[in-house]
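Here are a few friendly notes to read alongside the model. Have a look at the structure first, then go through the points in order.

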Amino acid sequence: MGLYGLMTTSISGMAVQSDRMGTVADNIANVNTTGYKEASAEFATLVAEGHVASYVPGSVSTIARRAITHQGDLTYTTSPTDLAVSGNGFFMVQSPSGTPYLTRAGSFVSTNGYLVNAAGFTLLGYDLLSGGSSSVINSAAGLVPVGTANLGLKATPSTSGNFQVNLPSDAAVSTSLPSLNAAGADYVGPTSIVTYDNLGHQVTIDIYSAKTADNQWEVTVYDHAGAASGGGSSFPYAAGSLLTTENLTFDGTNGKLISPSPPTLSVSIPNGATLNLNMGNTTQLATAYTPVDASVNGNGPSAVDRLEISDEGIVTAVYADGSRVDAFKIPLATVASPDNLTAISGNVFATNKDSGDLQLGTANSGSLGKIVSGALEKSSVDLASELTTMVEAQRSYTANSKVFQTGTELLDVLVNLVR
């Protein structure tokens, strides 16, 4: 092999161990980095060309690899926007310049209305409110930043509710029905309910009940905004305030409502939707007028209170009033050979010809893993293994340096012999 070859090989060995120490240093530095995948230095022989009967020393080729498919342990948090992938797949994120990347680092927080992780990359998904689709599976086209920035305030008109009361069976027949809108209207009740129009305005409706005959009643609804001002009665209401009138029939033996069937009172809310009130449990019994359930849906303008994210990646915006809207769908990305992805600063990855093309799909379906909300994937680095590797690399480096030192001493002896 020769003294020169021995020294050359030793120098190569020292460089190899230096590369190995570099990956160990990176791994130890990122032992607490969310979603980090450990790197390792792999080696291949590099043989110089020579005669078949002779040996020409070569060197070692260093190849850096990342165990990107290695699943890290999950640690749970109290933030629903902390996300982890349990199984195969990557989140799609974009850099501040708009370039899409893949990542497993899901420590997302709301920044300027968008979900951004600790490295400054924004989470991407499909906008369900604008008809976003997951039909494009080999491109990031159609993906938008996920967050509350474009959700704004939300007002929901009243469309359904309950109006269930007991009407006194012993009440006298009305001499002036509320539907006639006369000053001396004769009725039992009334009950007022707050509803909401299309813009979120509160619209109060007044519901009057009046007996028209045995087991026969009339229910009349007015817009409270048209009530007479002053005096002890709301009658007469202003023109156009009457919203609806419905006749009720009860069974005289048990007091149960017979008609209408279905037992629904439909009210057209001014500048709103048609409100359908369920009257199914309304009764006519020998007791006083008693409201049992008077409630409606709908709400005034309210902002997003929080986001909830399902295993399939559906992002639901929960408003302050409790209403819920499915706003985004977070896809998961994969490639044919994830371990060959190109690592980019910020714990993100880019595709290349070795990794294969990008493929997008729905979380928790097929070969893709599920999205876990309120959890983070820990670094896949095993600190004990890294420390062991570091000791091995140090010893190998020392051994190669000793060989190089011995070779230097031998050269000195040879030079002195010539002298």
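1. Strand S15 (residues 216–223) and strand S16 (residues 242–250) run antiparallel and share seven bridges. Strands here are DSSP runs (E, at least two residues), numbered from the N terminus, and two strands pair if DSSP finds at least two bridges between them. Across this pairing, Trp217 stands opposite Leu248 in S16.

2. This is a predicted model: local features need pLDDT of at least 70, side-chain atom pairs count only at pLDDT 80 or more, and totals for chains, interfaces and linings use all residues. Numbering starts from 1 along each chain as its sequence is written, and side-chain values use heavy atoms, without hydrogens and water.

3. S15 and S16 belong to an open sheet of five strands, ordered S13-S14-S15-S16-S17 with antiparallel pairing. At its edges, strand S13 (188–196) and strand S17 (257–259) each pair on one side only.

4. The largest nonpolar core has 26 residues, and Leu83, Phe91, Leu123, Ile330 and Ile371 touch the most other members. Such a core joins buried Ala, Val, Leu, Ile, Met, Phe, Trp, Tyr and Cys residues through side-chain atoms within 4.5 Å; buried means under 20% relative accessible area (1.4 Å probe, protein chains only). Strands supplying at least two of its residues include S4 (83–86) and S5 (91–94).

5. A second, separate core of 23 residues includes Val165, Trp217, Leu257 and Leu265.

Key:
Buried means under 20% relative accessible area, exposed over 50%, partly exposed in between (1.4 Å probe, protein chains only). Helices (H or I, at least four residues) and strands (E, at least two) are DSSP runs, numbered from the N terminus.
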